[in-house]
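Try each task before you read its solution.

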Amino acid sequence: MIRTIVTGTDTDVGKTVFAAGLSQALKASYWKPAQAGLDGETDSRAVARLAPDARVLPEAYRLKTPCSPHEAARVDGVAIDDEALALPQVEGPLVVEGAGGVLVPYREDLLAADLFARWNLPAIVVARTTLGTISHTLLSIEALRARGIPVAGVAFVGEEEPVAESAITRIASVPHLGRLPRLAPLDRETLAAAFAANIRMDLLA
């Protein structure tokens with residue numbers, strides 16, 4: 001049974017799309033602990049739209065201000081509490097999506113990777129294929145491993161960049177889980193087809 005964290009090298013790398021594809025493939029419960037920014041389609045709503053067979057759990061925190069959770073909570077006058085960030089007790093597969101990158105602060109004294117370490121789950125790193133991705137991805141993997149978090153693999157989003165993809169997975173000694181192209185249109189049918197064709201679910205079993 002797969003229970004995993006989906007994190008990214010940065011914001012807007014395609015992490016939510018990958019998490020939706022994975023949640024649909026596994027028919028998993030999906031949970032995003034903190035949503036910062038409520039204008040437009042939130043990540044949980046995007047997953048509900050793209051992964052009809054997933055069970056989307058309510059966020060622990062829905063913060064109005066679109067920035068890092070620690071700052072959004074400060075602006076909104078909300079205290080981020082450890083107990084609310086405990087993993088939900090659910091049966092079956094679970095996909096947990098972090099906010100932004102690996103070292104995003106949930107509080108001044110709580111970075112995303114520190115929270116991941118508490119959960120004791122492996123992490124999938126979602127990375128761009130554009131310039132700069134080698135350093136950003138290797139730094140993310142190092143930060144996870146420094147806290148004892150197993151890295152289940154790297155999933156790429158974007159145009160094929162075999163040199164960068166190979167360098168990352170070889171240097172970090174992590175599985176290459178595949179690469180999702182940018183999808184237009186992006187809907188449940190196109191995502192399910194692209195996920196089945198491009199992502200190595202066998203490497204996560």
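Predicted model: local features only at pLDDT ≥ 70, side-chain atom pairs only at ≥ 80, totals over all residues.

Residues are numbered from 1 along each chain as its sequence is written, and side-chain values use heavy atoms, with hydrogens and water left out.

**Exercise 1.** Work out the strand order of the open sheet and find its edge strands.

Solution. Start with the elements: helices (H or I, at least four residues) and strands (E, at least two) are DSSP runs, numbered from the N terminus. Two strands pair if DSSP finds at least two bridges between them. Walking across the sheet, you meet 7 strands in the order β4-β2-β6-β1-β9-β10-β11, with parallel pairing. At the edges sit β4 (55-56) and β11 (176-180), each pairing on one side only.

**Exercise 2.** Zoom in on two of the strand pairs, β2 with β6 and β9 with β10.

Solution. Take β2 (residues 29-31) first: 3 bridges link this strand to β6 (residues 94-101) in the parallel sense. Here Ser29 stands opposite Leu94. Next, β9 and β10 run parallel and are joined by 6 bridges, with Ala127 opposite Phe156 in β10. Now check burial (buried is under 20% relative accessible area, exposed over 50%, partly exposed in between; 1.4 Å probe, protein chains only). In β10, 7 of its 7 residues are buried.

**Exercise 3.** Describe how α5 packs against α6.

Solution. Axes are lines fitted to C-alpha atoms, for helices over the stretch in contact, and angles run from 0 to 180 degrees between N-to-C directions. Helix α5 and helix α6 (residues 162-172) pack at about 25°, with axes 9 Å apart. So α5 is roughly parallel to α6 (the cut-off for that is under 35 degrees). Contact means heavy atoms within 4.5 Å. Residues of α5 that meet α6 include Ile134, Leu138 and Ile141, and their partners in α6 include Ala164 and Ile168.

**Exercise 4.** Is Asp76 buried or partly exposed, and which residues does Asp76 touch?

Solution. Locate Asp76 in helix α3 (residues 69-76). Its relative accessible area is 26%, so Asp76 is partly exposed. Skip neighbours within four places in sequence, and Asp76 is in contact with Leu63, Lys64 and Thr65.

Definitions and conventions:
Parallel < 35°, antiparallel > 145°, perpendicular 65-115°, else oblique.
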